[in-house]
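Hi,

Here's the structure I said I'd pass on.

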Amino acid sequence: MKKKLSIPTLLVLLGTLMLFLFPVLSDDLYLITVFAIALLYAVYAASWDLLSGFTGKENFGHAAFIAIGAYMLGFISQHFAIQPYLSIPIAAVLSFIFGILIGLPTLRLKGPYFALATLAVATIMERLTYSLSDITGGEDGLYGIEFLTGDETSSFYFVLIFAVVAIYILYRIGKSNFGLTLKAIKSDDDAAKALGIYTDRFKVLAFGISAMFAGIAGTISGHYYSYVGPDIVFPLSLNIIIMCVVGGLGGIIPAALGGFALSYLSEMLRDFGEWNQLIYSGILMLTVIFLPRGVFNIIGDLFKRSKDSPVEMISKEVEK
Amino acid sequence: MGVILLLQSLLINGTINSSIYALIALGFSLTFGVAGIVNLYHGAYYMVAAYLTYVLSSAGVPLWLSAVFALLLVMGLGGVMMKYPLLYLKKKGESIYLLIFTLGGAYFTQYLLKMIFGARFYSIPPFMDNSVSIGSEIVPGSRVFAFIVSVITIVVVMLFIGKTSIGKKITATSQDVYAAELVGINTNLIFVVTAAISALLAGIAGVVISPYLSISPTMWLSTLIKAFAIVIFGGLGSLGGSIIAAFIMGYLETFISLTWTSSMTEVAFLVVVFIFLIFKPSGLMGKKTL
């Protein structure tokens, strides 16, 4: 029997369809660019959620993985013009390995210790970016990277297809036994161990997968902007956390929606200049206090609840 | 640079830097030890105190008085932060929300100050004009003043916690919140008092360094990272461990900036702590095992 689609799923699918149709219906290149960047943010947020939302380990240095993908691309591009079909697999492998390498020693750590360790990794990388300016371009960053594709519309489709595939894979991982195991580890590490789960393996693997998607998205953003620099990589650590918390943790899709919505919002707030960041961090604080489960998780629940609401049950009875 | 001169410079500057770090780390450790909250807003207290002193003193209030007002305001801010949002979030039990809320709050403060004051650097006049010569090294008065104030503050706070009745209540709460409530201690009040003391310690550090380091909207972040690193290095919640760790890291940092480059001090700092976290996550003197 085919499973009936729930209303939130339907809405998400409808939204995705609209994005696919958007360049056909409109030739607003500005909005197309905004959407493409927002889609990259959605992937960043979804990949953060797989590690931190599922296992409850707050990664304060997600930018480190994005930086691995982006700077690998920037570095190679200085020597020869690397195309996306080559750079994406390299980024995937490299950032996966980097994720495992960081994950192995740090995942024994809990709460604040883990937060500091990841913050330290990202901060060390940021400082190294500035001091090793021969390789990284320092504050100016690296230019001259091959564009994703020839024109803006096809670049948008490239990013869109990548984002849909990546988020879908992450979502399936989250729904699979693997994701459920991660949630079990979050609720009680010792109990999970007692059930015979090698919790460390699962956590390290989650770290690797999370890093891999972040690294690939980092590479694609490098291709998209044709530029890699500290200003577009390192502030991401915090922004991603904001997006995931506002969207909702532990379900991939709410976090991805949070990434997309807030990225779009911050673009719309650009006219406010310096107010932009202020509003942004203000939203974060208010969300944590008033809607700690996340905006999109709560919207999803509203639909669920209405399915069982008495009015609807009665109306179903009447139909019979 | 001769070895003796290097050692002398290391000893003097290292001790001054370390004492400031100890002051900041002590407050951070206190909040964690007593309330179990990792307050990433701690660096912002340091920054807010410096800005308030600058604003008041440039408005014509005498420097000493403006520093005192600034510190009182920061104490109040610390207490209010703890009383409303932090205790509310703590009751919900998810540490991630506390970390995110306090970090978000710190960024909020940064952007707010940047909007009001711009990205410019400010500084306030020194509290002590005359410089002091120790050996062949001439140390500016403001740095000597910073050292003296921080040592006195640390001693006073340690005595306050060890000897007074409020201090004993703080210790009792840090050992067991539930048991402390059973013997009639208003633990929520103790949390608020502790947060105010923590904010005061960070604020004092912010005020005494601002004559010789610049005041800017981003000054909180590296301070926070250093305090966080020191406290974890020393063992979360252990006050003595934080002070020892602050001195180790202060000397290390000064050594690197004297012999190599000052831009890499933070990296060295974090690498040491990162390695330490991997091999001994409970820190130098932490009792809690992970």
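Below is what turned up when I went through it, starting with the core.

Keep in mind that this is a predicted model. The largest nonpolar core has 190 residues. Ala42(A), Val43(A), Tyr44(A), Ala45(A) and Ile24(B) are the ones with the most contacts inside that core. Helix H2 of chain A (residues 29–55) gives the largest share of the core, 17 residues.

Next, find helix H8 of chain B, residues 187–209. From first C-alpha to last, this 23-residue helix reaches 33 Å, close to the 33 Å expected at 1.5 Å a residue. Of its 23 residues, 21 are buried, so H8(B) is largely enclosed by the rest of the structure.

Now for a helix pair in chain B. H2 (residues 42–58) and H4 (residues 95–117) pack at about 20°, with axes 9 Å apart. Angles under 35 degrees count as roughly parallel, so that's what H2(B) and H4(B) are. Gly43(B), Ala44(B), Met47(B), Val48(B) and Tyr51(B) make the contact from the H2(B) side, and Gly105(B), Ala106(B), Thr109(B), Leu113(B) and Phe117(B) from the H4(B) side. The crossing is left-handed.

H4(B) turns up again where the two chains meet. That contact takes 35 residues from chain B and 33 from chain A. On the chain B side, H3 (63–92), H4, H9 (219–234) and H11 (265–279) each supply at least two residues, and H4(B) gives the most, with 15.

Cheers

Methods
Residues numbered from 1 in each chain as written. Chains lettered and ligands numbered in written order. Predicted model: local features only at pLDDT ≥ 70, side-chain atom pairs only at ≥ 80, totals over all residues. Core = buried A, V, L, I, M, F, W, Y, C linked by C-beta atoms within 7 Å. Buried ≥ 20, exposed ≤ 12 C-beta atoms within 10 Å, placed from the backbone. Helix = DSSP H or I, 4+ residues; strand = E, 2+ residues; numbered from the N terminus. Expected span 1.5 Å × (residues − 1). Axes fitted to C-alpha atoms, helices over the stretch in contact; angles between N-to-C directions. Parallel < 35°, antiparallel > 145°, perpendicular 65-115°, else oblique. Left-handed = near helix turned anticlockwise from the far one by under 90°. Contact = placed C-beta atoms within 7 Å.
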